[in-house]
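Hi,

Here is the model I promised to pass on. Have a look at it first, and then read my notes below.

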Amino acid sequence: VDSSKVEAVRQWPRPANITEVRSFNGLASFYRRFIPHFSSIMAPLTDCMKGGRFGWTKGAETASQKIKERLTTTPILVLSDFQQPFELHYDALKAVKHCRHYLFHKEFILYTDHEALKHLHSQDKMLALHASWVAYLERFTFVVKHKSGVTDRIADALSRRRSILSRMTVKPWVDISMDFVLGLPRTQRGNDCTYVVVDRFSKMAHFIPCQKPTDAVRIVQLYFWEVVYSVTPMGPLDLLPVPGKTKVHGKAAYFVHGLQEIHEAMQNNLEQSARKYKTAADRKRRHVEFEVGDFVWAILTKNRFSTGDYHKLAARKIGPVKIVEKINPNAYRLKLSSHIRTADMFNVKHLIPYTGDSSDYDNLRVNSLHPGENDAAEAATNRYLEKNRF
């Protein structure tokens, strides 16, 4: 622990206005999970900020000092008081096994919602599990007191939590929910409802447009096409996961082999499509990299104009301007004139090389370093950006 920071909290000055109260509240709230009853302690400080008026009270001062003490004092763990009887509040015998080292030599009280434990010694016949409980509990000296789950809220909450966890799905796309959103405006493709599929584990959702008079077969096809493998099933068996190859019937193995071929063909088609799109995009991509000191034309996009300054005939290029810093191959800082009210950082896709010959002016015919000058080369710029898309 940094002693200087601890001392800074101890010497924190008394707040003199709402802003300072909020500052102290923010510091304390960062560690609220380590301070029991944090909200109750901080209530007087919160009251100082209500209504937009600051008023420091005696309760606020007490709360401030108490929070400082909690923030700067290290909690100390102490041993149990063996002069007092132990009380166990739990809904099973796990507590006895867990705390057996403290209970062997001392009488204790066991509060449990298992009422049958009160009658273990009076039963003539019992199951093997009950017999093992009795044999284990004979080692201890204790008194059983029944406490219903409604009264014993802690044990009841733990029991409910275990029940919930036992029903929870531990893998994605094992337990899903389906629903329909009806009554939507009809689209150009004739869809007027949405088929919603939600994975209960990951909460991932698919929203699939469809038509209202949809039968079960169409729903299965949509699920398979949009959620599973993006291929229309030929029958219900296409929805089954592919089993292993061991210990299967001959016809089943043949069917599995057919499914595997479909999956492999689908994967190959996806990879071929990806390569095709990448090749087409690479044809339009040009590698352009500038250095500090180079002069370029800079393209002003619509979002770089102030409100009310942008219009169709406004100059969209400025330059030539000098590169003063190379952040990385995709970002550069430019030296802009004082009248240009925009950020000086530009992406490389918005920069055009300046060669210094007449072709720059013949093709672009603009120098927007002079405010208000019209842009006469809009089409030429758009064609250049289209060819040098990154």
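First, the ground rules. This is a predicted model, in which local features need pLDDT of at least 70 and side-chain atom pairs count only at pLDDT 80 or more, while totals for chains, interfaces and linings use all residues. Residues are numbered from 1 along each chain as its sequence is written, and side-chain values use heavy atoms, with hydrogens and water left out.

**The chain overall**

The chain has twelve helices and eleven strands; these are DSSP runs numbered from the N terminus, with helices being H or I of at least four residues and strands E of at least two. Of its 390 residues, 28% count as buried. Buried here means under 20% relative accessible area, exposed means over 50%, and partly exposed is in between, with a 1.4 Å probe and protein chains only. If you take contacts between residues at least 6 apart in sequence, 51% of them join residues at least 24 apart; a contact is heavy atoms within 4.5 Å.

**Helix α2**

Helix α2 covers residues 18-29, twelve in total, and spans 16 Å from first C-alpha to last, close to the 16 Å expected at 1.5 Å a residue (the expected span is 1.5 Å times one less than the number of residues). Which of its residues are buried? They are Ile18, Val21, Phe24, Asn25 and Ala28. As a reminder, an α-helix has 3.6 residues a turn, so residues three or four places apart point the same way.

The buried residues of α2 pack against α3 (38-47) and α4 (58-72). Exposed Thr19 and Arg22 sit on the face turned away from the buried side. At the start of α2, a side-chain oxygen of Asn17 comes to within 3.2 Å of the backbone nitrogen of Thr19.

In the loop between α2 and α3 you'll find His37. His37 has a positive phi of about 55 degrees, although it is not a glycine, and it counts as exposed at 64% relative accessibility.

**The three-stranded sheet**

This one is open and antiparallel, in the order β4-β5-β6; two strands pair if DSSP finds at least two bridges between them. The edges are β4 (176-181) and β6 (205-210), each with a single partner strand, so one side of each has no neighbour in the sheet. From one strand to the next the twist averages 20 degrees. Strand β5 (residues 193-199) and β6 run antiparallel and are joined by six bridges, with Cys193 having Cys210 in β6 as its bridge partner. Helix α9 (residues 216-228) packs on this sheet, where it touches β4, β5 and β6, and its direction makes about 130 degrees with that of β6. Axes are lines fitted to C-alpha atoms, for helices over the stretch in contact, and angles run from 0 to 180 degrees between N-to-C directions.

**The five-stranded sheet**

Here the order is β10-β9-β8-β7-β11, again in an open sheet with antiparallel pairing. The edge strands are β10 (345-347) and β11 (351-353); each has a single partner, so one side of each is left without a neighbour in the sheet. Neighbouring strands are turned by 50 degrees against each other on average, direction ignored.

Strand β7 (residues 295-299) is mostly covered, with four of its five residues buried. Four bridges tie β7 to strand β8 (residues 317-328), and Phe295 has Lys322 in β8 as its bridge partner. Towards β11, β7 has three bridges, and Ala298 stands opposite Leu351. Strand β9 (residues 331-335) pairs with β10 over three bridges, where Ala331 stands opposite Asn347.

Where is the cis peptide bond? It joins Gly319 and Pro320, with omega at about -5 degrees, and Pro320 is in strand β8.

- Ala314, in the loop between β7 and β8, is buried at 8% relative accessible area. Its C-alpha is 9.9 Å from that of Leu300, 14 residues away along the chain.
- Ile340, in the loop between β9 and β10, is buried at 13%. Ile340 and Phe305 are 35 residues apart in sequence and 9.5 Å apart in space, C-alpha to C-alpha.

Cheers

Methods: A polar contact is a pair of N or O atoms within 3.5 Å; within protein, one must be able to donate a hydrogen and the other to accept it, and residues adjacent in sequence count only if both atoms are side-chain atoms.
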